[in-house]
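These are my notebook entries on a single protein chain. I set down what I looked up, in the order in which I looked.

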Amino acid sequence: MLDLATVHRRARRVLPARIDTCRVVLATAGPARLAALLLPLGHRHRGTVLFELSPSTRQALDARALMFLQDACVAREGLGGHGLPLAYEAWRPMHLGEAVGFITRSRDGRACLQLDPAQGLALYAWDDHRGGRITH
């Protein structure tokens, strides 16, 4: 059955286990939108998924972000239950206006993960096209 909890459970596979989230953030959550979100991690070649960070992750990022993120460099699972989990490069701080966020990219350069603790959001973006690399 297609529901937000299923989308969240499947989509969060790309996140390191230390990055805990509450839900996937959607402007609209109709059946077509949910179906589209279930497929991109295995079939669509590029896209983004926005997550709401859990209160515990936000607190950890506020307290000692880079220390907390030091052990957050491997995704929970391989995509679609196949293959090895994504490995991420070391996290770096980035300026988000007045606030500070954090960014990393997968070692193959095809995915990027950004955290915005002030807004309580995590953005995962990917581009699987041959030779395509996410830049930041």
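**Entry 1. Confidence**

Which element of the protein chain has the lowest mean pLDDT, and which the highest? I noted first that the model is predicted. Helix 2, residues 31-38, has the lowest mean pLDDT, at 55, and strand 5 has the highest, at 96.

**Entry 2. Overall layout**

I counted 3 helices and 6 strands in the protein chain. Read from the N terminus, the elements follow the order α-β-α-β-α-β-β-β-β. Of the 136 residues in the chain, 42% are buried. I also looked up contacts with a separation of 6 or more: 56% of them are between residues 24 or more positions apart.

I then followed individual pairs. Strand 2 and strand 6 (residues 121-127) are antiparallel and share 7 bridges; Leu50 is opposite Leu123 of strand 6.

I turned to strand 4 (99-105). Because 5 of its 7 residues are buried, strand 4 is largely enclosed by the rest of the structure. Strand 3 pairs with strand 4 in the antiparallel sense over 5 bridges, and Met94 has Gly101 of strand 4 as its bridge partner. The hairpin of these two strands has 2 residues between the strands, and in this hairpin Gly97 takes a positive phi near 70°.

On the pairing with strand 5, I found 4 bridges, again antiparallel. Arg105 is opposite Cys112 in strand 5. Strand 4 and strand 5 form a hairpin with 5 residues between them, and Gly109 in the turn has a positive phi of about 80°.

**Entry 3. Ser106**

Is Ser106 buried or exposed? Ser106 lies in the loop between strand 4 and strand 5. Its relative accessibility is 0%, and it therefore counts as buried. Setting aside neighbours within four places in sequence, I listed its contacts as Leu86, Ala87, Tyr88, Glu89 and Ala111. Val74 is 32 residues from Ser106 in sequence, and their C-alpha atoms are 9.0 Å apart.

**Entry 4. Helix 3**

What distance does helix 3 span between its end C-alpha atoms? I found that helix 3 (residues 55-69) spans only 15 Å, whereas a straight helix of 15 residues would span 21 Å. I also found a kink of about 100° in helix 3, centred on Ala63.

The buried residues of helix 3 are Thr57, Ala60, Leu61, Ala65, Phe68 and Leu69. These buried residues pack against strand 2 (46-53), strand 4 and strand 5 (111-116).

Technical notes
Residues are numbered from 1 along each chain as its sequence is written. This is a predicted model: local features need pLDDT of at least 70, side-chain atom pairs count only at pLDDT 80 or more; totals for chains, interfaces and linings use all residues. Side-chain values use heavy atoms; hydrogens and water are left out. The expected span of a helix is 1.5 Å times one less than its number of residues. The bend at a residue is the angle between axes fitted to the seven residues ending there and the seven starting there. Buried means under 20% relative accessible area, exposed over 50%, partly exposed in between (1.4 Å probe, protein chains only). Contact means heavy atoms within 4.5 Å. pLDDT is the predictor's confidence in each residue, from 0 to 100. Two strands pair if DSSP finds at least two bridges between them.
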